[in-house]
Amino acid sequence: ELLEKKQHRLKVDNIQYRLHENEHCANAVSLTSPQKVTTDSSFLFKVTLKEMIVLIGQSGNFTYKTYTPPDVPFSAVKQFGTTSVVQFFFNAMIMVQSIENPDGSGSKKCHVSINTFSVSTSTAFEPTPLLEISPVVKVGNPNLRAVYQTENLGRFVSQEFSVDVDKAKIGVTPSDFRVIANVTRGMVEHLKCSKVSGSEQKVAGDKQNGNAFFIKQQERGSGIATTVRIDMEALSLVLLRDDTRKLASSMFDLRLAQMKCKLDGCVSVMYSGELSCNVEINFFNKHNMQWEQVVEPCTFIVALERMPDEVGVIVSGPDSMNINLTGVLLSDLSEIN
């Protein structure tokens, strides 16, 4: 009887231990099992830039050696002075917003609003007040906007870029051409040197990492639905005879009105779009101090479609286009250097 009671007690203790162990496992599972969290979030960042000036050009008299291949003597020397400077002046407001919804979808927006944007040239590497110079480029209230739609807490599914401009005017003189050409030439020289040094480092890294570089390049391909939209009310490109920037120095005025451009598709695969605008070209007659129409207003439409293996471009214009040529116009054209 004692033996039977002891065996029965062991069975009861074993059953109680198993029940306790099962309860502990159940509690552990309930604590570690993932649960879907339904929360939302919002983030807003805003920066205001007032009277910003950016200078690009050559500062002071200096020399530097351009890149030459290893088998060529390293003797090429370039020397520049303070003769070519491009100044950018603008006021801007930058706003970044990110929204995440409870279902995992969301959007990310970046809006840049620019006021008093102008580009000018000078011969001194120092800020120049706007009242003392005439801008080469003056743009009225451009707005840039980028919108990304996301799902699964951050995965991009679509993106949209838009640019809206009220009016833009460009007035270029012969000296402006020289300054811009010098600055561009200097930047290209520096880029060539940096690309060569960067390519040497890349080749050394590829030898160590195998094909990692090529795999990274392939991963950059994007099949995200993309929309690009550009709206501009009016664009005026004036070619000036000399550097006085007076009305009498004007020569040609290319005007584009109601310019609208839109592209849809996937940038890395295919896309289609359309560009439409009204075109007009005027010539300033310095003898009677009047603007004369060379090409009368007409509308052009350019349709673009890119497929994986080909690109199609269709240009549509008016049935007739009126061009006016005068003796004064032909005489001024013959005097252009």
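A salt bridge here is a side-chain nitrogen of Lys or Arg within 4 Å of a carboxyl oxygen of Asp or Glu. With that in hand, I went through the structure, keeping in mind that it is a predicted model. I get 5 salt bridges in total.

**Entry: Glu100 and Lys108**

I looked up this pair and found a salt bridge, with the closest N and O atoms 3.5 Å apart. That passes because the cut-off is 4 Å. Next I checked burial. Glu100 comes out at a relative accessible area of 13%, so I put it down as buried. Lys108 has 25%, which makes it partly exposed.

**Entry: Arg229 and Asp164**

Arg229 pairs with Asp164 in a salt bridge, and here the closest N and O atoms are 3.0 Å apart. I then asked myself which strands the two residues sit in. Arg229 is in strand β9, residues 225-240, while Asp164 belongs to strand β8, residues 155-172. They are 65 residues apart, so I noted this as a link between distant parts of the chain.

Are these two buried, exposed or partly exposed? Arg229 has 24% relative accessibility and counts as partly exposed. Asp164, at 27%, also counts as partly exposed.

**Entry: Asp231 joins in**

I kept going from Arg229 and found another partner. Asp231 forms a salt bridge with Arg229, the closest N and O atoms being 2.8 Å apart. Which residues does that tie together? I wrote down Asp164, Arg229 and Asp231 as a network of salt bridges.

Oppositely charged side chains can pair when their charged atoms come close.

How values were computed: Residues numbered from 1 in each chain as written. Predicted model: local features only at pLDDT ≥ 70, side-chain atom pairs only at ≥ 80, totals over all residues. Heavy atoms only, no water. Buried < 20%, exposed > 50% of the residue type's maximum accessible area, 1.4 Å probe, protein only. Helix = DSSP H or I, 4+ residues; strand = E, 2+ residues; numbered from the N terminus.
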